[in-house]
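Subject: Structure handover and notes

Hello,

Please find the structure below.

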Amino acid sequence: MPVIDARHLDGISETALLTLYQRATEAARPDGIIDDPMAIALRDSIGYDYQHFGRTHQATALRALVFDNASRKYLHTHPRATVVALAEGLQTSFWRLDNGELTWLSVDLEPIVRLRQQLLPVKNRLQYCTQSAFDYSWMDQVDDSNGVLITAEGIFQYMQRPAVFGLIAACARRFPGGQLVFDSIPWLLSVYSRRRGFKLSADYTAPPMPFWFTANQYDELRAIPGVRAVRELPAPPGRGRFLRWAIPILYRLPRVDRLRAPVTLVEFG
């Protein structure tokens, strides 16, 4: 891959570099929890000072694994489905999930799509839609005849609540029988980011995250017309003696459902 300068990215688009760095660093570890050689190659092909993001952690890779598990389960019963990756950033999920039959539609803004097209391999079943995920016209490009799985990984927290619920409602109307997977953050983290910014290092502060949503609010999603079922997805075990057993237990305790950052599966009826 050629080396491409990505210093022009800023705001929410720059967080695509942050999550790529976190995931690729984890994948490069001998004891890494995720197998993602494409992320490593992509990281190394972008000219960017990743060190200004500060320390790395495994949380981004853990989140990716939850999305992968949900996607594989859907693709097991709908192998020729269309997967729509909203605001995909520099994720490399296609190469971890490709079964040789699915169609993948990556929806993102022009700077991100340009980077992906310059650096990632061309695949006939990997298509791009250059626009905001909240411009619903991307739905016109989706072939739903073999099923639709929509992923929103690492994007909703940067949006306002009416925009997020509006998008979910629009997907429910347009894609009956499909599914949506999204992640969110708890109230405390959202408030902290809005007041002080989420400072990750001396050189980098992540954008404010106004949208928060936790598993004790699932009745609000179930009230949306066209939503058939909502459930929280289980977290995989983390790396390390403590996290290996602590994370799965934490995500099974109902009393802390308002404190954790859930990955949620929404089924459309």
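A residue counts as buried under 20% relative accessible area, as exposed over 50%, and as partly exposed in between, with a 1.4 Å probe and protein chains only. By that rule Arg29, at 36% relative accessibility, is partly exposed. This is a predicted model, in which local features need pLDDT of at least 70 and side-chain atom pairs count only at pLDDT 80 or more, while totals for chains, interfaces and linings use all residues. Residues are numbered from 1 along each chain as its sequence is written, and side-chain values use heavy atoms, with hydrogens and water left out.

Salt bridges

Side chains of opposite charge can pair when their charged atoms come close. A salt bridge here is a side-chain nitrogen of Lys or Arg within 4 Å of a carboxyl oxygen of Asp or Glu. The structure has 18 salt bridges.

Arg29 forms one of them with Asp31, at 2.9 Å from N to O. Asp31 is partly exposed too, with 41% relative accessibility.

Another joins Arg23 to Asp36, with 2.9 Å from N to O. Arg23 sits in helix H1 (residues 11-28) and Asp36 in the loop between H1 and helix H2 (37-44), so this pair ties together parts that are 13 residues apart in sequence. Helices (H or I, at least four residues) and strands (E, at least two) are DSSP runs, numbered from the N terminus. Both partners are buried: Arg23 has 3% relative accessibility, and Asp36 has 2%. Arg23 and Asp36 also belong to a network of salt bridges with Asp68 and Arg96.

A further salt bridge links Glu232 and Arg260, at 2.7 Å from N to O. Glu232 is in strand E10 (residues 227-232), and Arg260 is in the loop between helix H9 (241-250) and strand E11 (263-268), so the pair ties together parts that are 28 residues apart in sequence. Glu232 and Arg260 are buried.

Cysteines

A disulfide is a pair of cysteine sulfur atoms within 2.5 Å. By this rule the count is 0 disulfides. Cys129 is in none, and the nearest cysteine sulfur to its own, that of Cys171, is 13 Å away.

Pockets

The search runs on a 1 Å grid over the protein atoms alone. A pocket is an open set of points with protein on both sides within 12 Å along at least five of seven lines; a cavity is a set of points where a 1.4 Å probe fits but cannot get out; lining residues have an atom within 4 Å of a point. Grid points are joined across faces, edges and corners, and a volume is the space filled by probe spheres set on the points.

The largest pocket holds about 1200 Å³ of space. Its lining has 50 residues, and Thr60, Arg63, Gln157, Asp183 and Ile185 lie nearest its centre. H1 gives the largest share of this lining, 7 residues. The lining of the largest pocket divides into 32 nonpolar, 13 polar and 5 charged residues. Here Ala, Val, Leu, Ile, Met, Phe, Trp, Tyr, Cys and Pro count as nonpolar, Asp, Glu, Lys and Arg as charged, and the others, Gly among them, as polar.

Gln157 is in the loop between strand E6 (148-152) and helix H6 (161-174), and is buried at 5% relative accessibility. Leaving aside neighbours within four places in sequence, Gln157 is in contact (heavy atoms within 4.5 Å) with residues including Arg63, Asp183 and Ile185.

The second largest pocket holds about 260 Å³ and is lined by 17 residues. H3 supplies the largest share of that lining, 6 residues.

Cavity

How many cavities of 30 Å³ or more does a search of the whole structure find? The search finds 1. The largest cavity has about 60 Å³ of space, and Asp68, Trp104 and Glu153 are among the residues that line it. Its lining divides into 4 nonpolar, 4 polar and 2 charged residues.

Regards
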